[in-house]
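This report describes a protein model in terms of its fold, its covalent cross-links and its charged contacts. Please keep the sequence and the coordinates in view while reading.

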Amino acid sequence: MIETKSTSPDRCAPPCSCSTPAVMTVNGFRSGESGGGPAACDGHFHSDGELIVALSTGWFAGGHRCHRAVRITSARTGRSVEARVVDECDSRRGCRGNIVDSSPAVWRALGLDTGVGEVPVTWSASRRLNAFTGAGRPAARQGTSWKWRRVQFVCY
């Protein structure tokens, strides 16, 4: 089990708790869309059909949340969805410090209209198994492999 404290590594975002209030915005993760360049976690572009997010700089934690699952809950619909962190919404370059920038697929899963632009949500580290294999995964060190591993986040 990996224990992580729920404090932000810098001052670009509010501290993270078991259920952190945030503002969700819609982002395109394909080439040429609003997301800009390739995702920070893997250097690839992604389909808008994937359940993926970019977190504000402080919550992104210097890449420590890359490929981890987060649970997002809509304050409007009460629905929840799990999505994978693939990118940073850079708070040093204009992204507010409380943003969960998500793909259209996340909005659809929560029953929300992307035309709204911004909605209140809460997010937390998912307690499910995190396993991301195949294209787009970070390179494993020699002698290691990417297999199912359980990650538990402990909120303080």
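## Basis of the model

The structure is a predicted model, in which local features need pLDDT of at least 70 and side-chain atom pairs count only at pLDDT 80 or more, while totals for chains, interfaces and linings use all residues. Residues are numbered from 1 along each chain as its sequence is written, and side-chain values use heavy atoms, with hydrogens and water left out.

## Overall make-up

The protein contains 2 helices and 6 strands. Helices (H or I, at least four residues) and strands (E, at least two) are DSSP runs, numbered from the N terminus. Read from the N terminus, the order of elements is β-β-α-β-β-β-α-β.

Of the 156 residues in the protein, 42% are buried; here buried means under 20% relative accessible area, exposed means over 50%, and partly exposed lies in between (1.4 Å probe, protein chains only). The protein exposes about 8200 Å², and carbon and sulfur atoms supply 50% of that area. Accessible areas come from the Shrake-Rupley method with a 1.4 Å probe, and for residues only the protein chains shown count as cover. A contact means heavy atoms within 4.5 Å. Among contacts between residues at least 6 apart in sequence, 75% join residues at least 24 apart.

Strand 5 spans residues 99-102. Its residues I99 and D101 point one way, V100 and S102 point the other way, and all are buried.

Which strands pair with strand 5, where pairing requires that DSSP finds at least two bridges between two strands? Strand 1 (residues 20-26) runs parallel to strand 5 and is joined to it by 4 bridges. In this pairing, V23 stands opposite I99. Strand 2 (residues 52-56) runs antiparallel to strand 5, with 3 bridges between them. There, L55 is the residue opposite V100.

S103 lies in the loop between strand 5 and helix 2 (104-109). Is S103 buried or exposed? Its relative accessible area is 0%, so S103 is buried. Leaving aside residues up to four places away in sequence, S103 touches N27, F29, D48, E50, L51 and I52.

## Disulfides

A disulfide is a covalent bond between the sulfur atoms of two cysteines. The criterion applied is a pair of cysteine sulfur atoms within 2.5 Å, and a search of the whole structure finds 2 disulfides.

The link of C41 and C66 is left-handed, with -85° about the S-S bond. C41 counts as buried because its relative accessibility is 12%.

The other disulfide joins C89 to C95, with an S to S distance of 1.8 Å. Its torsion about the S-S bond is about 105°, so the disulfide of C89 and C95 is right-handed.

## Salt bridges

A search of the whole structure finds 8 salt bridges. The criterion is a side-chain nitrogen of Lys or Arg within 4 Å of a carboxyl oxygen of Asp or Glu. One of them is formed by the side chains of E33 and R30, at 2.9 Å from N to O. E33 counts as partly exposed because its relative accessibility is 22%, and R30 is also partly exposed, at 44%.

A further salt bridge connects E88 with R92, the closest N and O atoms being 3.1 Å apart. E88 has a relative accessible area of 21% and is therefore partly exposed, whereas R92, at 56% relative accessibility, counts as exposed. D90 also forms a salt bridge with R92, with the closest N and O atoms 3.2 Å apart. Salt bridges that share partners join E88, D90, R92 and R93 into one network.

How values were computed. Two strands pair if DSSP finds at least two bridges between them.
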